[in-house]
Amino acid sequence: MDSITLKRKIRTLWSKIDSRLSKSVLLYVWFLFISFVFWLVLSLNNSLQQEFAIPLKLKSVNDSTTIITHVPQSVKIALKDRGVAMLKYKFGNLPTLQIDFDKYSDGRGLIRVSSADLMSELRSIFSATSVITAVNPDSLRLLYTNLPPKKVPLCFDLDVQPNLQYVINGAVRSNVDSVLVYSDKNTLSALTEVYTYHVEERDLTDTLVREVAVAPIVGAKIVPKSVRLTIPVEQLIYKKQRVPVLVIDQPANINVLTFPAMVEASFLVPQSMYRKTVGIKAAVYYNDVLESATNHVAVRVVEAPAICKSVSLSVDSVEYIIEKH
């Protein structure tokens with residue numbers, strides 16, 4: 001038997017085997033598909049239970065009415081129904097629960113939907129075959145007001161400390177200086193200020209910009225709910241400046257002259273103020289002049305801006321002479 005004949009026989013045999021294998025695979029897939037169809041039919045006819053988040057909406061709310069309490073976006077329920085219905089809900093055909101403001105408002109600032117009322121509203125949006133076994137929340141209690149808002153100053157609850165080489169240079173800034181508060185008459189009349197949540201920072205080396213929530217007030221709605229605070233922080237740099245020596249408490253007929261008349265002050269100042277003249281004052285006291293046993297008197301820093309740190313003078317005393325008029 002030559003090699004060509006052998007190859008032909010091998011190909012023929014393999015074709016038969018391959019054909020039988022393909023038929024077996026196709027037959028297996030076909031039976032598997034039929035089994036899946038039977039399983040699917042049986043499953044869709046059985047009762048299943050699953051959790052769903054039902055969208056919640058308030059309707060018939062007047063433009064002059066402000067809902068104070070946060071309204072949940074959805075109500076979570078455990079629903080039991082046939083598989084066909086559950087499949088429909090599963091792929092997005094959930095009904096929306098609409099609560100009628102006029103039906104459940106007491107006319108005095110409260111919307112109350114009891115557990116029985118909420119269950120009744122939910123049942124009305126599902127088919128008769130659906131069974132609701134659990135609801136969360138199981139009732140609704142929402143506050144509202146028809147009064148206009150009150151504009152209230154906003155205060156900052158801050159405990160902020162810069163690094164030793166830095167300083168807070170300037171006032172804390174906010175994108176708003178007041179907020180609008182919606183509430184009942186008594187709450188609004190007693191309200192004089194609103195605070196942010198507490199902010200605590202240490203060792204700051206750069207300007208701090210932060211979104212801070214406004215602290216809530218029970219029975220009130222605050223707009224906006226958060227503000228953006230900016231706390232300016234600058235590096236301190238070394239600076240020298242010559243300042244005149246003043247005489248404090250000298251009589252009208254006396255003139256005290258000091259030598260030198262100006263002294264050098266050294267201090268740390270925020271970088272943005274380096275090229276500016278800083279209001280530092282040095283002085284001697286006339287009483288010290290009278291009590292001095294020499295022609296020298298102590299010179300002190302008597303005034304310096306709070307923004308300047310570690311202020312010192314190049315000398316601790318100056319010479320003087322007294323002139324009488």
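Let us start with the surroundings of Thr65. Leaving aside residues up to four places away in sequence, Thr65 touches Phe101, Tyr144, Thr145 and Asn146. With Asn146 there is also a polar contact between the two side chains, at 2.7 Å. Is Thr65 buried or exposed? Its relative accessibility is 9%, and because buried means under 20%, Thr65 counts as buried. Please keep in mind throughout that this is a predicted model.

The loop between E1 and E2 also holds Ser60. Ser60 has a relative accessibility of 37% and therefore counts as partly exposed. Its backbone deserves attention as well: the phi of Ser60 is near 65°, a positive value in a residue other than glycine. Most residues other than glycine have a negative phi. A second case is Ser310, whose phi is near 55°, again positive in a residue that is not glycine. Ser310 is found within strand E24 (residues 309-313). With a relative accessibility of 60%, Ser310 counts as exposed.

I turn now to the peptide bonds. As a general rule, most peptide bonds are trans. Pro137 sits in the loop between strand E6 (131-136) and strand E7 (140-145). Another cis peptide bond joins Val223 and Pro224, and here too omega is about 0°. Pro224 is placed in the loop that separates strand E16 (221-223) from E17.

Let me move on to empty space. Rolling a probe the size of a water molecule over the atoms shows where such space is left. The largest pocket contains about 300 Å³ of space. Its lining consists of 14 residues, and those closest to the pocket centre are Ile68, Ala220, Lys221, Ile222 and Lys225. Sorted by class, the lining of this pocket comprises ten nonpolar, two polar and two charged residues.

How many cavities of 30 Å³ or more does a search of the whole structure find? The search finds one. The volume of the largest cavity is about 30 Å³. Around it stand Leu158, Val199, Leu208, Arg210, Val212, Leu229 and Ile231. Two elements give two or more residues to this lining, namely strand E15 (208-213) and strand E17 (226-231). Of these, E15 provides the largest share of the lining, with three residues. By class, the cavity lining has six nonpolar residues, no polar residue and one charged residue.

The protein chain has 325 residues, of which 31% are buried. Its secondary structure amounts to six helices and 25 strands. What share of the contacts between residues at least 6 apart in sequence joins residues at least 24 apart? In this chain, that share is 71%. The accessible surface of the chain is about 20,900 Å², and carbon and sulfur atoms account for 54% of that area.

Conventions. Residues are numbered from 1 along each chain as its sequence is written. This is a predicted model: local features need pLDDT of at least 70, side-chain atom pairs count only at pLDDT 80 or more; totals for chains, interfaces and linings use all residues. Side-chain values use heavy atoms; hydrogens and water are left out. Buried means under 20% relative accessible area, exposed over 50%, partly exposed in between (1.4 Å probe, protein chains only). A polar contact is a pair of N or O atoms within 3.5 Å; within protein, one must be able to donate a hydrogen and the other to accept it, and residues adjacent in sequence count only if both atoms are side-chain atoms. Contact means heavy atoms within 4.5 Å. Helices (H or I, at least four residues) and strands (E, at least two) are DSSP runs, numbered from the N terminus. Accessible areas come from the Shrake-Rupley method with a 1.4 Å probe; for residues, only the protein chains shown count as cover. On a 1 Å grid over the protein atoms alone, a cavity is a set of points where a 1.4 Å probe fits but cannot get out, and a pocket is an open set with protein on both sides within 12 Å along at least five of seven lines; lining residues have an atom within 4 Å of a point. Grid points are joined across faces, edges and corners, and a volume is the space filled by probe spheres set on the points. Ala, Val, Leu, Ile, Met, Phe, Trp, Tyr, Cys and Pro count as nonpolar, Asp, Glu, Lys and Arg as charged, and the others, Gly among them, as polar.
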